[in-house]
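Please walk me through this model in the viewer, one selection at a time. For each stop, tell me what to pick and what is there.

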Amino acid sequence: MTTPVLSIRNLSVEIPTRQGIVKPVDGVSYDISEGEILGVVGESGAGKSMAGNAVIGLLNAPAHISGGEIWLNGVRIDPLKGEEMRKLRGKEIGMIFQDPLTSLNPLLTVGDQLAETMLTHLPISRKEAAERAVAALEEVGIPGAAERIDSYPHEFSGGMRQRVVIALALCAEPSLVIADEPTTALDVSVQAQIISLLKRLCRERGTAVMLITHDMGVIAEAADRVAVMYAGRLAELGNVRDVLTQPRHPYTHGLMASTPLASEGQKRLHQIPGAMPRLQHMPNGCAFHPRCPKVQKRCSHDPLPPMAEGRAACWSPLLAEAVE
Amino acid sequence: MLAFIIRRVGQSILVLLIVGLVAFSMFRFVGDPIDNMLGQERTIEDVERLRTQLGLDQPFPVQYFKFLEGAVQGNFGVSYRQGRPVAEILMERAPATLELAAVSGLLAIIAGIALGVFTAIRRNGFAAHTIMAASLVGVSLPTFLIGILLIYLFSVELGWLPSFGRGETVSIGDWWTTGFLTQSGIKALILPAITLGLYQMTLIMRLVRSEMLEVLRQDYIRFARARGLRDRVVNFRHALKNTMVPVVTVIGLQLGSIIAFAIITETVFQWPGVGLLFINAIQFVDIPVMAAYLMLISVMFVGINLIVDILYVFIDPRLRVDRKGGH
Ligand SMILES: Nc1ncnc2c1ncn2[C@@H]1O[C@H](COP(=O)(O)OP(=O)(O)OP(=O)(O)O)[C@@H](O)[C@H]1O
Ligand SMILES: [Mg+2]
């Protein structure tokens, strides 16, 4: 087996607050291989972004990694500090944020922002950087790239700006890209274009992608595998087809039933009753048990069963044969 | 761009006319210059003759119009007190004020921005907290008190620096005199420059700090970090440049007020500039000098405003409306 590009083992993130320490990410493990897109889904506040920020080393203090390991291409990166971590950012790990309107510096041309990123990471001259900047814009499908290179961000539409953001995240050819809801802020009409662009570029280069999203449609369209998060923990991890069509975890099932998938044409959307617990008041046992339709006695106190690929962290998964 | 500048210049001239009118009409309440000019043994005829001679018997609009007519040609009349052309007196005094203002302004801008950036980047450090606390003193102490404290410390107690005057000056060209070229000139400049610049410096520093903290929270700064740019690049190329957009306006206005505030500093240090000239002119109801001074100050304020507006457009590409290639 080849080493995965990203390997997260038992990752935990802690934030000390006035009401005690909270764990927005709690014992999460998953791998992403070369050229693979892992979709990360879950309700708002599930800890998806926190996990992504932990990987790229951009947790906002006082949040910090409190346990577990992060491996990138076989090298452990979670203990890396300041300057060492900075050199990985952009070079080995690219990141795409949600809102393209605010992700770009309004005072620098897109060409300047591309060139500065490449000059930071690659041993090339200014002239080469300028040439490659045009090529990078072309690659993300910006028409007239050579003329648009000296344009400022405000001269592009939202969809075009997100293309620029993608070009920026990929311009130093990182082996991993973390895309945190890259289409949430965009018009529905351009969402699909952006997703297929991201998919194409990463396939071509063999980039591993952590695709964080709320949108099951995006997952169905782009992801190879899916990680479902709930209250900081991994609820289910598996192949996209399995997770979407035969979810094992009752939470995943509820999540699917509550998203309008065009293919299914459901009449009525299901809603999971209740809300995700606040981090300060996490229930014992499984965090989902107060809302779970299949709750059993042990769910409220026993620690969760161990997680693995194709499994759910659940005592009564929907496909009984999945638990040995 | 050109249309923008022309429009702004037009507005500026209108502002100047109004300021001139207001200032000019206020002089009538300052006192009667004739009282000061003629001694105790005056006759009614003397008074009337002088009044006619100075044009003070004419209706107010006529006086104002005559003043404007002269001012446009650089002729501000003759000082009642010194009997010399006001323009000549002002030219003589201007270098002292301009040199003082330039040094104070530079001090305020350079130190203000540097300290503002430092306290924003190291916002939780001990040094930053100390500087912020000290800056409160700078903002709240009145200028004259700072001047007096400095004089007490460095002139009276330590005896390092002179407490008044401009030191030795050297003439350059026909009318410029500079204190930059002699040791005594430079020594004499230090205390007044600090006194005059301190308030502006603390203002600029506090503004730069708060704007910079705001900018550092923005998504594009996060994205710049996520791209692995060096801290120096993120802080200066990305954050500071965005910070400067709002700061430039305030700095411009502060520079204007430096020259206006110079009145106080010049009085405390007996600095032979236009501010001190103005104070003396008020005591003597020397209307031509007062009018010329106020006109100059307003020209300067309006001019600085204009420059700031234009600078703004240079810094922020979003304001360059007539750029081609938009979508
Ligand atoms: N400074 C903080 N103090 C306490 N809790 C925090 C702090 N910052 C974030 N959190 C909590 O951490 C949890 C994880 O947040 P995160 O942004 O990772 O969620 P997410 O899954 O990305 O949600 P969304 O889909 O809304 O982006 C949230 O429940 C949030 O309330
Ligand atoms: Mg998020």
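Over residues 94-312 of chain B, what percentage of the chain is helix and what percentage is strand, and how far apart are the end C-alpha atoms? The model is a predicted one. Select residues 94-312 of chain B: this stretch is 80% helix and 3% strand, and its end C-alpha atoms lie 29 Å apart. The UniProt record, in an unreviewed entry, gives these residues the feature "domain: ABC transmembrane type-1".

Stay in chain B and pick helix 5, residues 86-121, then E99(B) within that helix. E99(B) is buried, at a relative accessible area of 5%. Show its surroundings, leaving out residues up to four places away in sequence: E99(B) touches R166(B), W176(B), T177(B), T178(B), G179(B) and F180(B).

Next, go to helix 10 of chain B, residues 231-268, and pick S257(B) there. Its relative accessible area is 14%, and S257(B) counts as buried because the cut-off is under 20%. Beyond its neighbours within four places in sequence, the contacts of S257(B) are Q200(B) and F301(B).

Now turn to chain A and select residues 6-256. UniProt lists this range as "domain: ABC transporter", again from an unreviewed entry. Over these residues the chain is 40% helix and 27% strand, with 27 Å between the end C-alpha atoms.

Select ligand 1. Around it are 14 residues, and the closest are S44(A), G45(A), K48(A), S49(A) and H214(A). By class, the shell holds five nonpolar, six polar and three charged residues. Colour strand 1 (6-17) and helix 1 (48-56) of chain A, each of which supplies at least two residues of the shell. Helix 1 of chain A gives the largest share, three residues.

- G47(A): a backbone N or O atom lies 3.0 Å from an oxygen atom of ligand 1.
- K48(A): an N or O atom of the side chain is 2.8 Å from an oxygen atom of ligand 1.
- M50(A): a polar backbone atom is 2.8 Å from an oxygen atom of ligand 1.

Taken alone, ligand 1 exposes 650 Å², and the protein buries 65% of that area.

Move on to helix 11 of chain A, residues 250-257. Why is this helix largely enclosed by the rest of the structure? Seven of its eight residues are buried, so the helix is largely enclosed. The buried ones are P250(A), Y251(A), T252(A), G254(A), L255(A), M256(A) and A257(A). To see what covers them, show strand 3 (37-41), helix 9 (216-222), strand 9 (225-230), strand 10 (233-239) and helix 10 (240-245) of chain A, which are among the covering elements.

The last stop is L104(A), in the loop between helix 3 (100-103) and helix 4 (110-121) of chain A. Is L104(A) buried or exposed? L104(A) is buried, with a relative accessible area of 4%. Setting aside neighbours within four places in sequence, L104(A) is in contact with Q113(A), P153(A), R161(A), V164(A), V165(A) and L168(A), and also with Y220(B) and F223(B) of chain B. Draw the C-alpha to C-alpha distance from L104(A) to L168(A): the two are 64 residues apart in sequence and 9.6 Å apart in space.

Definitions and conventions. Residues numbered from 1 in each chain as written. Chains lettered and ligands numbered in written order. Predicted model: local features only at pLDDT ≥ 70, side-chain atom pairs only at ≥ 80, totals over all residues. Heavy atoms only, no water. Helix = DSSP H or I, 4+ residues; strand = E, 2+ residues; numbered from the N terminus. Buried < 20%, exposed > 50% of the residue type's maximum accessible area, 1.4 Å probe, protein only. Contact = heavy atoms within 4.5 Å. Near = heavy atom within 4 Å. Polar contact = N/O pair within 3.5 Å; in protein donor to acceptor, adjacent residues only side chain to side chain. Areas by Shrake-Rupley, 256 points an atom, 1.4 Å probe, with all protein chains shown as cover. Nonpolar A, V, L, I, M, F, W, Y, C, P; charged D, E, K, R; others polar. UniProt positions renumbered as here; feature names shortened; annotations may be inferred.
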